[in-house]
Every structure is written in structure tokens, then in C-alpha cells.
Amino acid sequence: MKIEVIGLGYVGLSTAAVFADSGFDVIGVDRNAGVVETINAGAVHIVEPDLEHIVQKAVREKKLIAKTLPSEADAFVIAVPTPNSDDVYMSCDLTHVLTATEAILHHLRKGNLVVIESTIAPRTVEDRIKPVIERKGFTVGKDVFLAHCPERAFPGQILHELVYNNRVIGGVTPACADKAAELYGAFVKGEIIKTDSKTAEMCKLMENTFRDVNIALSNELAKICCKLGIDVLDVIRLANKHPRVNIHTPGPGVGGHCLAVDPYFIYATVPDTAKMIKLARDVNESMPDFVVESTQRVLCKDRTRPIAVFGAAYKPDVDDTRESPALKIIEKLNTLGYETRVHDPYVLNEAYVSAENALRGAGLLLCLVGHSDFRRLDGGMLRELMARPLVFDVTGTLALEGVEIVNYGNLHRYVKGKKGAQAGLVRTRSRT
Ligand SMILES: NC(=O)c1ccc[n+]([C@@H]2O[C@H](COP(=O)([O-])OP(=O)(O)OC[C@H]3O[C@@H](n4cnc5c(N)ncnc54)[C@H](O)[C@@H]3O)[C@@H](O)[C@H]2O)c1
């Protein structure tokens with residue numbers, strides 16, 4: 001059986017590699033010729049554990065071949081980007097999905113299966129994709145089978161989660177769901193749950209929205225506690241002793257291609273109703289400003305020394321900077337006249353520097369991402385290199401001997417102005 005995967009990014013390339021590893025003949029299609037060339041050379045263009053190994057093997061065994069244009073296949077899996085549109089609701093931009101669907105139309109035959117893996121607004125498959133296929137004269141559910149099989153994989157462990165997560169498969173008709181479930185059953189070891197396409201679309205969006213709303217709650221709590229002079233990290237630790245409470249850890253905001261994007265797809269579809277979803281987005285979007293204001297407080301607006309910024313990715317241990325709150329914070333600090341030196345061992349960027357070069361002579365280490373590498377930071381190195389060993393850790397993960405650490409738990413002392421950074425050392429405090 002020949003499978004064609006359109007869009008070879010985090011989701012598409014991982015899925016193509018897993019299909020190839022399960023014995024299918026896979027054609028990967030990407031409009032980016034550089035991506036195609038890299039994959040055909042047995043390499044990968046994204047950082048994802050074990051992906052290079054499995055792609056290399058599939059390419060060597062000729063089970064995976066990359067191309068820039070689609071051709072005939074038995075099943076087509078579309079995994080192209082779905083960014084927010086540039087409208088007031090930040091609705092789902094379907095341009096890439098529709099372009100990819102149009103591109104395969106030419107090669108569609110009776111009996112083919114078309115799967116949309118891209119995250120899409122509710123009712124998209126039924127209202128937008130099905131008509132495109134039926135315009136070609138096919139009856140969906142009889143001639144061509146169409147389904148939405150959203151991806152739940154967690155960047156950093158995509159390959160494991162692709163196989164072991166439970167998978168919701170939404171067919172336009174029950175026959176469509178059956179066909180797609182049969183295909184994914186070739187490698188999915190989790191439960192395969194069949195439903196209709198609109199339920200699968202809403203289910204995927206609500207999973208990310210649930211997480212966004214819960215993060216917003218903890219971020220709002222951090223701001224409230226800061227105003228009231230309460231240690232938010234203590235509050236969360238104690239509240240989570242309740243058997244049915246699990247408050248998240250506050251952070252610099254929400255980034256990535258899912259949580260910061262997908263909730264708007266629901267909001268844009270029903271803006272008068274999805275009020276809590278929008279409010280949560282607003283709270284999370286406000287966090288970079290909160291971090292910048294807090295950084296200014298911690299530094300007493302002293303701009304004489306550079307800020308060593310640790311972390312540019314949107315979350316720990318990945319190279320992905322899409323929608324990263326860290327990038328927004330860096331940009332805002334630069335606009336305010338602060339010199340920033342960015343260090344991120346995961347992100348390839350010529351402007352970023354080594355830990356030593358970032359720290360040398362710096363007046364503050366601003367930790368924005370809880371990369372595992374940062375946990376191995378040594379207090380001695382900070383004391384030796386920095387003009388002053390002062391850390392503002394919005395991830396709440398650093399523990400450094402003999403270094404003044406400000407985090408959301410003790411930030412209120414600075415924000416209230418009772419203990420400015422230049423008024424003397426506060427009690428060194430770290431959390432793990
Ligand atoms: N990254 C994740 O963790 C994740 C998780 C779940 C769902 N999703 C969803 O999966 C979809 C893909 O996300 P991603 O992170 O893999 O994206 P990505 O940006 O990493 O990769 C997308 C690839 O598609 C290619 N492309 C775009 N339009 C094309 C076209 N018309 N024809 C051929 N190739 C095309 C691009 O060149 C790119 O290489 C999105 O809808 C996203 O929301 C992503």
C-alpha cells in the first residue's frame with residue numbers, strides 16, 4: 001500500500017517515518033525543495049529525538065522518498081500548517097490545507113482515503129474539504145473516504161506518542177472512519193476511537209484549549225499573588241495537596257503551534273459564546289508584558305549592564321520558537337533599550353551566544369525556558385562571570401548556590417518596591 005504524506009514538518013515527517021517503519025511505501029511531499037533534499041539525504045531539518053535515525057533507515061531501505069509534488073497513492077495524509085488568519089478573531093487559515101487538497105485532486109482515484117491531520121476549525125472537513133473532493137465527481141463515503149485524524153503528540157516525544165497515544169478518528173461517514181482506523185491501526189498501539197469528523201475536530205481543539213485555560217488560571221494567580229504579597233508557588237504547592245486540585249505552574253506565557261493558536265479556531269467560529277476561551281488567551285498573551293515589567297522592577301530599570309536571556313524556545317528541550325513568549329519578551333526588552341544576550345542550546349540562531357558569553361559582565365540572568373541543560377548551571381560560574389549574580393527565573397526551575405534568585409514566589413517583594421534588586425541581597429531561594 002502506498003501512502004502519501006503532504007507536509008513534512010514535525011507532524012508530517014514523524015508520521016511518514018512511522019508509516020514507513022511499519023512497512024508501507026511512503027512518499028513524503030513538501031513544497032520546500034530544501035526539506036525534500038535533506039530528507040532524501042537521510043537527514044532531518046527539525047530537532048526531534050530519534051527522528052533522524054528512523055528517517056535515515058526508511059530512506060536507506062527506500063520505504064520513504066520525498067518529493068515536491070504529489071502523485072498517485074492509496075491514501076493521502078495532509079499535515080500542512082494551519083496558522084491564525086489575519087482577522088480580528090484570528091480564525092483558522094485554511095490556505096495550506098485547501099492548496100494541498102487541490103494538489104492531490106488530480107491524482108485521486110476511486111477507493112482512495114484522504115486524511116486531514118492538520119488542526120482545523122470545527123466543521124471544516126464537512127463544510128470545506130468534502131465539497132472540494134465532491135466537485136471532482138466523487139461521492140465521499142462511497143468513492144473516496146475522508147477523515148480527520150488529529151495528532152496529539154508532544155514535541156520532544158512525538159515518535160513514542162504517535163504510537164502509544166489513544167487516537168480519535170473522525171470520518172465524514174462511518175465507512176470513512178473505518179478506512180482511516182484500519183490505516184492507523186497498522187502502528188497505533190493506543191486505543192483507536194471512531195467518531196464523526198466534527199466531533200474529532202472539536203475534541204482536538206478542546207484538548208489544547210483545556211490546557212490553555214488552565215495555564216491562564218495559574219498565570220492570573222501569579223499576578224494576583226504578586227499584587228497581594230503572597231508566595232504563589234507556596235499557594236500552588238499547598239492547594240495541590242487537595243486530592244482533586246492540580247493547579248499548573250505559572251510561566252512566561254504560552255507558545256507553540258497548538259496552545260497559542262488553536263483556541264482561537266473555536267472563538268472565531270462562535271465569538272459570542274466562547275468568552276472564557278478568549279479571556280484565557282488574553283491572560284496568557286499578557287504574560288510577556290508582565291515579565292518585562294517585572295524584569296524592570298528587579299533591575300530597578302538599570303540598563304547599564306546586559307541581560308543574559310536563557311531560553312528562546314516556546315517550551316523546554318525543543319528547538320521550536322513558534323509563538324514563543326521568550327521571543328516577545330526579548331523584543332520588548334530590546335525596544336526598551338536593554339541589551340540582551342540570548343543563549344539557547346537547542347535553537348540554531350547565529351545571533352545567539354554561549355552561556356559564558358551571555359553571562360560575562362551581565363547584570364541579570366533572565367531564565368525564560370526550563371531547558372534540562374539549565375538545571376546543570378553552576379552558581380560558581382555565575383558568581384565568576386556576572387557583574388552581579390542575580391537571576392530572575394520565570395520557570396521556577398533553577399537552584400543555584402550563592403546566587404540571588406527571584407521567581408514568581410518572591411517576585412512580590414520587588415514589584416511592591418520593598419526590596420529592589422539594588423537595595424541588597426534577598427534571601428537566596430530556589431525551587432525545583
Ligand atoms: N507540531 C505539533 O506538535 C503539532 C501537534 C498536533 C497538531 N499539529 C498540527 O499539524 C499541522 C502541521 O503542523 P507542523 O508542526 O507539522 O507544521 P510544520 O510547519 O512543522 O510543517 C509543515 C510543512 O508543510 C509544508 N507545506 C506547507 N504547505 C504545503 C503544501 N501546500 N504542500 C506541501 N507541503 C506544504 C511546509 O513546507 C512544512 O515543511 C498543523 O495544523 C498543526 O496545528 C501540530
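Trainee: Which elements cover the buried residues of helix α5?

Mentor: In this predicted model, what covers the buried residues of α5 includes the helices α4 and α8 (197-228), together with the strands β5 (113-116) and β6 (145-148).

Trainee: Which residues of α5 are buried, and how do their directions fall when the helix is seen down its axis?

Mentor: The general idea is that an α-helix has 3.6 residues a turn, so residues three or four places apart point the same way. Here, helix α5 runs over residues 124-134, and its buried residues are Thr-124, Val-125, Ile-129, Lys-130 and Ile-133. Seen down the axis of α5, these buried residues fall within an arc of 135 degrees, so they line one face of the helix. On the other side of α5, Asp-127 and Pro-131 are exposed.

Trainee: How should I read a nonpolar core, and which residues touch the most other members of the largest one?

Mentor: In soluble globular proteins, nonpolar side chains tend to be buried together. In this chain the largest nonpolar core has 81 residues, of which Ile-6, Ile-78, Val-115, Leu-146, Ala-147 and Ala-180 touch the most other members. The element that gives the most to this core is helix α1 (residues 10-21), with eight residues. Apart from this core lies another, of 54 residues, and among them are Ala-222, Ile-330, Leu-368 and Val-403.

Trainee: Which residues is Ile-6 in contact with, leaving aside its neighbours within four places in sequence?

Mentor: With those neighbours set aside, the contacts of Ile-6 include Val-29, Pro-70 and the run of Phe-76, Val-77, Ile-78, Ala-79 and Val-80, and they also include Ala-100 and Ile-104.

Trainee: How many residues surround the ligand, and which are the closest?

Mentor: The ligand is surrounded by 27 residues, and the closest are Gly-7, Gly-9, Val-11, Ser-118 and Thr-119. Sorted by class, the shell holds 13 nonpolar, ten polar and four charged residues.

Trainee: What can I read from the radius of gyration of the whole chain?

Mentor: The idea is to set the chain beside a compact globule with 432 residues, which would have a radius of gyration near 22 Å; the chain has 24 Å, which agrees. Its C-alpha atoms fill a box of roughly 75 × 50 × 40 Å, taken along the principal axes, and buried residues make up 48% of the 432 residues. The secondary structure comes to 16 helices and 13 strands. Among the contacts with a separation of 6 or more, 70% are between residues 24 or more positions apart.

Definitions and conventions: Residues numbered from 1 in each chain as written. Predicted model: local features only at pLDDT ≥ 70, side-chain atom pairs only at ≥ 80, totals over all residues. Core = buried A, V, L, I, M, F, W, Y, C linked by C-beta atoms within 7 Å. Buried ≥ 20, exposed ≤ 12 C-beta atoms within 10 Å, placed from the backbone. Helix = DSSP H or I, 4+ residues; strand = E, 2+ residues; numbered from the N terminus. Contact = placed C-beta atoms within 7 Å. Near = placed C-beta within 6 Å. Nonpolar A, V, L, I, M, F, W, Y, C, P; charged D, E, K, R; others polar. Arc of directions from axis to C-beta. Rg over C-alpha atoms; globule rule 2.2 N^0.38 Å.
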